[in-house]
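Open your viewer and get your selection tool ready. We will walk through one model, stop by stop.

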Amino acid sequence: MSQIELKDVSLRYFTLKEETEALRGVNLAIEEGEFVAIVGPSGCGKSTLLSLISGMLQPTSGQVTLYGNRVTEPSKRVGYMLQHDYLFEWRDVLNNILIGAEVRSMNMRLAKERALSLLERYGLGGFATHNPKQLSGGMRQRVALIRTLVVEPDVLLLDEPFSALDFQTRLALSDEIGTILREQHRTVILVTHDISEAITMADRVIVMSNRPSSVKTEHRIEFSDGRPSPLLARQRPEYNEYFQAIWGELEEHVRISE
Ligand code: ADP
């Protein structure tokens, strides 16, 4: 049994005006501690897939399980980090980080200790009492990540966490966060439209097809000489091979959908 399993999952959205079939027949198994990236054409249903795993959405048919149990509601074991950091401007950095712990009625003394140590470890030691607006975009995303980590989820869902940042910050932060997440040995599912980000951060890249979307192909990412950091991975010969292969698959979808 895998930690997360999606079996023949389909999802239709119904609105007053229309019906959208986002996912059809998705099968996917994710192992504990694996770092998986999901790429696919825009609007194919990648965020929808994360919402299903998080328990915020229920499949129209098929089933999603976590440790063999059907996911029917949001679980404490799953943390979700979104594209926008959603930090509250009226709370300082530390109190933003503690929101999840408050909501889950965790031991606040322990949560605070953990928050301070994560801030220290990830280069934000002096910023606990700063307000979010005093931070750069990259720092805000790190705070959002620490907020997700502080409640110690087994599974981390990341939905385009770097896409609002400029290119250089994005590169530096994905390198930094990739390294942090590897250190944490948690299961990570990263949704991104950036093929480079997917290849350099993940152990496995899942390519989704056009809507109604399902898993088209998957690539296990392996480098001959151990796992380089995301920045260094871009210089490895294997990187170009994976990039060409995934790019080709996505391009095919775009052409078909035109
Ligand atoms: P992606 O993350 O791959 O860009 P999404 O999962 O956000 O794709 O969306 C997949 C499809 O479902 C899109 O066509 C989108 O417009 C539609 N969709 C997403 N959320 C809703 C919703 N709450 N109600 C109706 N349609 C939705």
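The tour goes from the domains to their contact, then to salt bridges and a few backbone spots.

**Before you start.** This is a predicted model, in which local features need pLDDT of at least 70 and side-chain atom pairs count only at pLDDT 80 or more, while totals for chains, interfaces and linings use all residues. Residues are numbered from 1 along each chain as its sequence is written, and side-chain values use heavy atoms, with hydrogens and water left out.

**Stop 1: two domains.** Colour 4–77 + 155–257 as domain 1 and 84–152 as domain 2; such bounds come from an automatic or database domain assignment. Their C-alpha centres lie 25 Å apart.

**Stop 2: where they touch.** Select the 15 residues of domain 1 in contact with 12 residues of domain 2 (contact means heavy atoms within 4.5 Å). Domain 1 and domain 2 bury about 1,200 Å² between them, with 62% of it on carbon and sulfur atoms; buried area is the accessible area (1.4 Å probe) that two parts lose on being put together, summed over both. Now highlight K76, I180 and R186, which supply 33% of the area that domain 1 buries against domain 2, more than any other three residues.

Two salt bridges are counted between the domains, a salt bridge being a side-chain nitrogen of Lys or Arg within 4 Å of a carboxyl oxygen of Asp or Glu. Zoom in on R121 and E183, whose side chains meet in a salt bridge at 3.2 Å, N to O. Which helix gives the most to the side of domain 1 that touches domain 2? That is α6, with eight residues. Helices (H or I, at least four residues) and strands (E, at least two) are DSSP runs, numbered from the N terminus.

Stop 3: Select R142 and E176, a salt bridge of 2.9 Å, N to O. The pair links distant parts of the chain, with R142 in helix α5 and E176 in helix α6, 34 residues apart. R142 counts as buried, because its relative accessibility is 15%, whereas E176 is partly exposed at 31%. Here buried means under 20% relative accessible area, exposed over 50%, and partly exposed in between (1.4 Å probe, protein chains only).

R140 lies in helix α5 (137–150) and E89 in the loop between β6 (78–81) and α2 (93–97), so the pair ties together parts that are 51 residues apart in sequence.

Within it, the side chains of R12 and E19 meet at 2.4 Å, N to O.

**Stop 4: backbone spots.** Most residues other than glycine have a negative phi, and most peptide bonds are trans. Go to E160, which has a positive phi of about 45° and sits in the loop between β7 (155–159) and α6 (167–184). Is E160 buried or exposed? E160 counts as buried, because its relative accessibility is 10%. Y67 has a phi near 50° and lies in the loop between β4 and β5 (69–70). Finish at the peptide bond from R211 to P212, which is cis, with omega near -10°; P212 is found in the loop between β9 (204–208) and β10 (215–220).
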